[in-house]
Amino acid sequence: MKCGVVSIMGRPNVGKSTLLNSILNMKLAITTDKAGTTRNIIQGIYQDDEAQIVFIDTPGIHKPMNKLGSVLNKKAYQNIDNADIILLLIDVNSGIGKGDKFVLNKIKENKDTKVFLVLNKIDKVGSEKLLKVIDEAKELYDFDEIIPISALKKKAIDDLIKTLKKYLPLDEAIFDNDELTNVSTRFIMGEFVREKIMMLTKQEIPHSVTCYVENFEEYDDLVHIQVLIVVDKESLKRIIIGKNGNMLKRIGILARNDMEDFLGKKVFLETHVKVIENWRDKEKYLIELGIDSKDE
């Protein structure tokens with residue numbers, strides 16, 4: 001069978017996690033309209049009778065402002081060397097900007113890896129703009145393939161899979177047939193809470209919050225989950241809790257719905273908020289919260 005590793009790369013907020021979810025037909029990686037949503041390397045395993053493809057959703061490459069940002073960039077760079085094929089994802093509606101060119105220059109440093117340009121969000125542009133972006137892209141790099149898609153609308157996802165299969169080597173499967181991802185269920189549950197915080201709060205919150213599952217107990221018809229929400233300022237804690245606890249309640253209700261859909265069981269969710277000043281610059285907390293990795 002065809003088997004290999006495909007790394008999804010790009011600047012923040014171009015739709016990398018949405019693409020992974022569309023390929024797998026399930027919600028594995030959280031998605032928001034805010035840059036910097038993805039923080040961990042998430043592997044999603046696509047399987048059919050012809051192929052096993054390990055897709056890697058990487059954090060968006062950006063100019064780091066703290067240790068957390070440096071860690072995220074490092075994680076993304078490492079997956080350039082480890083992939084059989086790189087998908088450089090670009091938001092065709094925004095066009096090719098400085099951030100896209102910066103990511104492409106990093107990819108160019110590895111001349112042995114196949115590179116596909118994937119033009120996302122084609123549902124938002126006409127053919128004239130699409131063709132203009134394609135022409136501009138061809139001037140920048142000799143891509144092995146250029147594939148327009150809409151990850152959100154699941155348009156041309158099948159075409160992308162078919163094209164990938166043509167380039168992947170014949171090999172034995174890397175994972176068992178029933179494996180879907182490298183991340184734990186506990187991690188996914190924490191991410192569901194973080195996604196709802198990012199959706200419901202203002203711009204200053206997203207990059208200052210992380211979520212950690214402290215307890216996960218599964219019974220026959222119920223799962224008990226306790227999630228610690230970490231912020232770096234007392235003022236942010238007050239925003240997340242809200243007046244009379246209303247914001248935290250809304251976050252919990254929406255996150256619990258996603259958890260129940262994913263687990264197929266009722267969920268009893270408990271959340272609490274803790275302040276750890278400057279946690280994004282402290283390696284100790286990055287490791288404890290699962291953002292840093294000692295095997296880097």
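Predicted model: local features only at pLDDT ≥ 70, side-chain atom pairs only at ≥ 80, totals over all residues.
Residues are numbered from 1 along each chain as its sequence is written, and side-chain values use heavy atoms, leaving out hydrogens and water.

**Whole chain.** Colour by secondary structure to see nine helices and nine strands (DSSP runs: H or I of at least four residues for helices, E of at least two for strands, numbered from the N terminus). Of the 296 residues, 51% count as buried (under 20% relative accessible area, 1.4 Å probe, protein chains only).

**Largest core.** Next, select Leu19, Phe55, Leu87 and Ile225, which touch the most other members of the 52-residue largest nonpolar core (buried Ala, Val, Leu, Ile, Met, Phe, Trp, Tyr and Cys joined through side-chain atoms within 4.5 Å). Helix H8, residues 246–263, gives this core its largest share, six residues. Apart from this core lies another, of 20 residues, including Ile90 and Phe143.

**H1 and H5.** Now show residues 16–24 (H1) and 157–167 (H5), whose axes come within 10 Å and cross at roughly 85° (lines fitted to C-alpha atoms over the stretch in contact, with angles from 0 to 180 degrees between N-to-C directions). The two helices are therefore roughly perpendicular (65 to 115 degrees). Show side chains: Leu19, Ser22 and Ile23 in H1 meet Ile157, Leu160 and Ile161 in H5 (heavy atoms within 4.5 Å).

Notes: Buried < 20%, exposed > 50% of the residue type's maximum accessible area, 1.4 Å probe, protein only. Parallel < 35°, antiparallel > 145°, perpendicular 65-115°, else oblique.
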